[in-house]
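Please read this briefing alongside the sequence and the 3D view. It is arranged by topic, in short points.

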2 protein chains.
Amino acid sequence: MAAVEIDRLVRLLSRLPGLGPRSAQRAALAMLKRRDTLMLPLADALRACAEAVHPCSRCGNLDSTDPCGVCRDPQRDARTLCVVAEVEDLWAMERAGIFKGRYQVLGGTLRALDGIGPDELGVDRLLGRVREDEVREVILALGATVDGQTTSHYLAERLRPLGCTVSRLGHGVPIGGELTYLDEGTLDAALRSRQRVA
Amino acid sequence: MAAVEIDRLVRLLSRLPGLGPRSAQRAALAMLKRRDTLMLPLADALRACAEAVHPCSRCGNLDSTDPCGVCRDPQRDARTLCVVAEVEDLWAMERAGIFKGRYQVLGGTLRALDGIGPDELGVDRLLGRVREDEVREVILALGATVDGQTTSHYLAERLRPLGCTVSRLGHGVPIGGELTYLDEGTLDAALRSRQRVA
Ligand SMILES: [Zn+2]
Ligand SMILES: [Zn+2]
């Protein structure tokens, strides 16, 4: 129907979360109407981002510096560690602006059926960091899903022998909900009412 | 919070139709996880599309050739002309595969308040084309919205003196609906039940 260039663009756009084939086509046409103000700047931004942004070798956050901005900030308390499943969860916490410690991004949650075990989530690296940085409290900020709760239980068991406080986010995380969709007030309440689990 | 590169990318993505700030951030992170298979190919596809694809000087369709594929196809009947508001409407008709004539893309509908009049929509070009190509029937395939109907009325009045048949899409276009969201069956019914208006 249309040019192969448009077909290819629509196919790639429809692989983005939240865009189906029809909305990908609408997005492609919207960009073709704003070639110089949207389409080419977006091509540049994608390339710049792909080249400049990489995972932080300490915490797993994504940033254009390594260590990332959070890990390099001397104002932040290195002895309070917030464990999140994904980078979007770290960003959700940062948007809320309620936490002044550091993070560890697991990159997922335990899912034996998908072959995601402690090694894939870097649990040994987490334990090593708790020891080296003499972490006083580990806050398990994982979603209130089955996988999130399984992972929290497992991490609490592994962290218990190290002698630090281990807590999980408290009231406020909706059952079955993902962190990244929570508003700031809910995240604030959840952080303040965190419960010690080990 | 994050790298300026990510902020810029999220800001541009959130200008696409169907993506808000939160879903733009999710899209950016999804791409950062698939740098080589999604992010860089998308950057290339955007640039290739911006460079290769342009409006057809005859009908207003978007394609990498000028005249476009529809206008160059000798199998298509140059004496039946389908007038659509936007390129997405042309594509919706082509997806349905029910029309074998040619198109004229207006680029919008009449909206006096926004300063969109006959000149902006290229009405003189449409009339000239009807004369030159000795068009027998003009099908006004505009949405069943107030603006679409106003535009259809206006075009019917202008086309009447030229002696060609003027019809509009018939039963099947839902009131208040846009062409681009219609399924093939609805478009097919609408085309078959088109009503002569001039
Ligand atoms: Zn970091
Ligand atoms: Zn054309």
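Residues 56–71 of chain A have end C-alpha atoms that lie 8 Å apart. The span is 19% helix and 12% strand; helices (H or I, at least four residues) and strands (E, at least two) are DSSP runs, numbered from the N terminus. The UniProt annotation "zinc finger region: C4-type", from an unreviewed entry, covers these residues of chain A. UniProt positions are given in the numbering used here, feature names are shortened, and annotations may be inferred rather than shown by experiment.

This is a predicted model: local features need pLDDT of at least 70, side-chain atom pairs count only at pLDDT 80 or more, and totals for chains, interfaces and linings use all residues. Residues are numbered from 1 along each chain as its sequence is written, chains are lettered from A and ligands numbered from 1 in the order in which they are written, and side-chain values use heavy atoms, with hydrogens and water left out.

**Zinc site in chain A**

- Cys56(A), Cys59(A), Cys68(A) and Cys71(A) coordinate the zinc ion (ligand 1) through their SG atoms, at 2.3 to 2.4 Å.
- Donors are N, O and S atoms within 2.8 Å of the metal (3.2 Å for Na, K and Ca); water is not among the atoms, so sites may look incomplete.
- The site of the zinc ion (ligand 1) is tetrahedral, with angles of 103 to 116 degrees among its 4 donor atoms. Four donors count as tetrahedral if all angles lie between 85 and 135 degrees.
- The donor residues of the zinc ion (ligand 1) are spaced C-x2-C-x8-C-x2-C in sequence.
- Cys59(A) counts as buried, at 2% relative accessibility. Buried means under 20% relative accessible area (1.4 Å probe, protein chains only).
- Cys68(A) is buried at 0%, and Cys71(A) is buried at 4%.

**Zinc site in chain B**

- The zinc ion (ligand 2) is coordinated by the SG atoms of Cys56(B), Cys59(B), Cys68(B) and Cys71(B), at 2.3 to 2.4 Å.
- Its 4 donor atoms subtend angles of 102 to 115 degrees, so the arrangement is tetrahedral.
- The spacing of these donors along the chain is C-x2-C-x8-C-x2-C.
- Cys56(B) is buried at 5% relative accessibility, and Cys59(B) at 1%.

**Cysteines and disulfides**

- Over all chains, the structure holds 0 disulfides. A disulfide is a pair of cysteine sulfur atoms within 2.5 Å.
- Cys49(B) is in no disulfide; its nearest cysteine sulfur, that of Cys68(B), is 15 Å away.
- Cys49(B) counts as buried, at 0% relative accessibility.

**Helix α5 of chain B**

- Helix α5 (residues 87–96) of chain B has 9 of its 10 residues buried, so it is largely enclosed by the rest of the structure.
- Among the buried residues are Leu90(B), Trp91(B) and Met93(B).

**Chain A overall**

- Chain A has 8 helices and 7 strands.
- Its C-alpha trace spans about 65 × 35 × 35 Å along the principal axes.
- Of the 198 residues in chain A, 53% are buried.
- Among contacts in chain A with a separation of 6 or more, 57% join residues 24 or more positions apart. Contact means heavy atoms within 4.5 Å.

**How the two copies relate**

- A rotation of 180 degrees with 0.0 Å of shift along its axis superposes chain A on chain B, with an RMSD of 0.1 Å. Copies are superposed by least squares on the C-alpha atoms of residues with pLDDT of at least 70 in both.
- The two copies are therefore related as by a two-fold rotation axis.
- In chain A, the C-alpha of Ala43(A) is nearest the axis, 2.1 Å from it.
- Both copies use the same surface: 100% of the contact residues of chain A recur in chain B.

Notes: Buried < 20%, exposed > 50% of the residue type's maximum accessible area, 1.4 Å probe, protein only. Tetrahedral: all angles 85-135°; square planar, octahedral: opposite > 155°, others 65-115°.
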